[in-house]
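I am opening a notebook on a structure that is new to me. The entries below record what I looked up, one topic at a time.

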Amino acid sequence: MILASEAFKKATALEEEKVLQETEEMTQEIATLIEEAISRGETRVAFSSRKRCFTKSINNVEEILKENGYFYKVNREVAPGLFFTIYISWEPINPFEPQVR
C-alpha cells in the first residue's frame, strides 16, 4: 500500500509540473502575440493552441489576463483534443460583451 501511495504522489506531482510548464509556455506565447499585435497597431489578438489543454491551464491563463486588465473570451466549444482559442483585447470597452445602446 505504501508503494502505491508513493507512486500516486509522484505521478500527481509530475502531472502538476507538466500543467505548470504548459501554462508557462502558453503565457509566453500569449505575451509574444500581444506584443506583436501592439507593434502593428492592432487592439485585439486571437491565440490558438494545438497542444493538449488542461482546464487548470486555461483557468491560470484567464487569471493572468484578468489581473493585467485585458478583456478575453475563451472558446471551449471545440472538438476535444484539437485546440482551444482565447480571444484577447485591450480596447477601452469590452468587445466580447453586447453593448447597450
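Is Trp90 buried, partly exposed or exposed? I looked up its relative accessible area and found 21%, so Trp90 counts as partly exposed (buried is under 20%, exposed is over 50%, and partly exposed lies in between, with a 1.4 Å probe and protein chains only).

**Ground rules.** I note that this is a predicted model, in which local features need pLDDT of at least 70 and side-chain atom pairs count only at pLDDT 80 or more, while totals for chains, interfaces and linings use all residues. Residues are numbered from 1 along each chain as its sequence is written, and side-chain values use heavy atoms, with hydrogens and water left out.

**Overall layout.** I found 2 helices and 3 strands in the protein, and along the sequence they follow the pattern α-β-α-β-β (helices are DSSP runs of H or I with at least four residues, strands are runs of E with at least two, and both are numbered from the N terminus). Of the 101 residues in the protein, 23% are buried. I also looked up contacts (heavy atoms within 4.5 Å): among those with a separation of 6 or more, 54% join residues 24 or more positions apart.

**The helix α1.** I looked up the span of α1, which has 38 residues and reaches 56 Å from its first C-alpha to its last, close to the 56 Å expected at 1.5 Å a residue (the expected span is 1.5 Å times one less than the number of residues). Its buried residues are Val19, Glu22, Thr23, Met26, Ile30, Ile34 and Ala37. I set beside this list the general point that an α-helix has 3.6 residues a turn, so residues three or four places apart point the same way. After α1 comes Gly41, whose phi is positive, near 80°.

**The core.** Which residues form the largest nonpolar core? I found 11 of them, namely Met26, Ile30, Ile34, Ala37, Val45, Ile58, Val61, Leu65, Val74, Ile86 and Ile88 (such a core is a set of buried Ala, Val, Leu, Ile, Met, Phe, Trp, Tyr and Cys residues joined through side-chain atoms within 4.5 Å). The elements that give two or more residues to this core are α1 (2-39), α2 (55-67) and β3 (84-89), and α1 gives the most, with 4 residues. I then followed Val45, which, leaving aside neighbours within four places in sequence, is in contact with Leu33, Ile34, Ala37, Ile86, Tyr87, Ile88 and Trp90.

**The aromatic pair.** My search of the whole structure gave 1 aromatic pair (ring centres of Phe, Tyr or Trp, the last by its six-membered ring, lie within 6.5 Å; planes under 30 degrees apart are stacked, over 60 edge-to-face and the rest tilted). Tyr70 lies in the loop between α2 and β2 (71-75) and Trp90 in the segment after β3, so the pair ties together parts that are 20 residues apart in sequence. Tyr70 is partly exposed, with a relative accessible area of 23%.

A polar atom of its side chain lies 3.1 Å from the backbone nitrogen of Glu91. Asn94, in the segment after β3, is buried as well, with a relative accessible area of 15%. Beyond four places in sequence, Asn94 is in contact with Phe71 and Gln99.

**The salt bridge.** Lastly, I found 1 salt bridge in the whole structure (a side-chain nitrogen of Lys or Arg within 4 Å of a carboxyl oxygen of Asp or Glu). It joins the side chains of Arg40 and Glu42 at 3.0 Å, N to O, and Glu42 is partly exposed, with a relative accessible area of 35%.

Key: Polar contact = N/O pair within 3.5 Å; in protein donor to acceptor, adjacent residues only side chain to side chain.
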